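Please walk through the structure below one region at a time, keeping the sequence at hand for the residue numbers.

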Amino acid sequence: MAIQYTDMACETISIANKLVSKYWHPICLKSEIFNNNDFMRFEILGFELIVYNDNGHIIVFDNLCPHRGARFFMDDAGKEPIRCKYHGWGYSNGRLNIANKKSFTRCDVTAADLNKFHVDFCGDFIFFAVDPIQSLKKQLGGRIYDSLAEISSQLSGCSDVNRYFFESAWAIALENALEPYHIPLIHVDTLATLQLTEGENFFLGNNSIWHSRIGNERLDKRLRSMKKYFSTGNALEGYSSIFIFPFSMLSSTYGFSYSLQNFFPSLQDNQTYFTSRLYSALAADSRYQEVVDAFIQSTAKMNRKIFEEDHQVCKRIPARTWTSKPPKYFSDLEEKVLHFRKSCSVWADI
Ligand code: FES
Ligand SMILES: [Fe+2]
């Protein structure tokens with residue numbers, strides 16, 4: 001019997017670099033860094049990025065000081081001026097401020113700047129890119145672009161941040177998030193209780209949307225009755241998840257809240273930088289704020305449990321089992337895995 005392995009050891013790592021560099025990635029909402037000096041930090045592959053409010057102007061940059069490489073920020077989020085702790089270089093109002101500038105007589109220090117990345121917005125969502133092959137709008141496509149913009153206008157802010165090293169390859173973690181085939185066995189007391197229907201997949205370029213109804217009539221009725229408390233716009237009824245190729249998912253039940261999950265690759269083939277942020281929809285009326293808050297708190301708790309269940313099973317799958325070729329055996333419920341691999345395979349041979 002043949003041993004199952006791929007001779008291209010850990011293809012997940014070999015394509016991750018290209019995917020990180022060539023695509024736009026959603027990171028947070030503008031409202032999360034609303035005030036001057038607000039920042040958030042993310043890790044991807046071997047670098048860290050900071051998304052920052054510079055007096056109303058949003059910038060995204062490499063966390064390393066351009067002088068001799070000290071990290072500006074160590075916390076995941078906060079409110080602080082950009083000022084290097086080593087020799088005092090700072091940045092504000094679009095300008096780098098160099099301590100004792102006069103002493104730089106033998107180099108052109110005026111050329112120094114933060115190492116900035118590209119920034120763009122879809123509604124309130126902030127995206128960054130390193131060296132994108134296309135505009136954000138083109139990458140997302142009209143339908144997803146418009147949906148994200150509309151969704152972001154309904155959100156009141158971030159209610160929960162859940163961040164840890166997901167101990168599997170990023171592609172394995174993502175594929176798990178893309179298929180509902182595992183739900184009955186892995187999420188017995190959580191997601192499976194909704195009895196989600198097979199639903200429909202919409203393939204939109206490399207991105208996709210899965211929309212499914214809630215088969216558990218009692219729960220569905222209860223959720224429907226909650227609609228009056230939330231301002232959900234045109235949110236899909238039931239469960240929906242939008243996959244933003246290559247690393248992100250935005251999922252929701254009835255539009256009451258949205259969970260943005262990033263599965264950013266690390267340099268280790270069996271570790272992924274996982275962050276999920278839970279955004280609550282606005283209350284339909286200020287009288288309902290308490291009900292909304294209680295509901296969001298219980299959603300946050302439930303989501304954490306679901307992600308942990310996914311994490312535990314993904315840990316069992318070694319990175320070397322992943323390839324951008326289609327799996328030999330696949331259920332109709334794994335359609336999006338095939339689509340994802342096809343999108344990845346374009347980058348496998350470059
Ligand atoms: S390393 Fe930042 S000022 Fe020197
Ligand atoms: Fe799952």
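In this predicted model, strand β7, which covers residues 90–92, runs antiparallel to β8 and is joined to it by three bridges. Within this pairing, S92 of the one strand stands opposite R95 in β8. The two strands belong to an open sheet of three, ordered β6-β7-β8 with antiparallel pairing, and its edges are formed by β6 (82–83) and β8 (95–97), each of which pairs on one side only. In general, the strands of a sheet pair through backbone hydrogen bonds, in either a parallel or an antiparallel manner.

Beyond its neighbours within four places in sequence, L174 is in contact with F247, F263 and F340.

A last stop is P132, which sits in the loop linking β10 (125–129) to α2 (136–140). Is P132 buried or partly exposed? P132 counts as partly exposed because 19 other C-beta atoms lie within 10 Å, whereas a buried residue would need 20 or more. If its neighbours within four places in sequence are set aside, P132 is in contact with K22, Y23, W24 and H118. By contrast, 38 Å separates the C-alpha atoms of P132 and V292, which are 160 residues apart along the chain.

Terms used:
Residues are numbered from 1 along each chain as its sequence is written. Chains are lettered from A and ligands numbered from 1 in the order in which they are written. This is a predicted model: local features need pLDDT of at least 70, side-chain atom pairs count only at pLDDT 80 or more; totals for chains, interfaces and linings use all residues. Helices (H or I, at least four residues) and strands (E, at least two) are DSSP runs, numbered from the N terminus. A residue is buried if 20 or more other C-beta atoms lie within 10 Å of its own, exposed if 12 or fewer, and partly exposed in between; C-beta atoms are placed from the backbone. Two residues are in contact if their C-beta atoms, placed from the backbone, lie within 7 Å. Two strands pair if DSSP finds at least two bridges between them.
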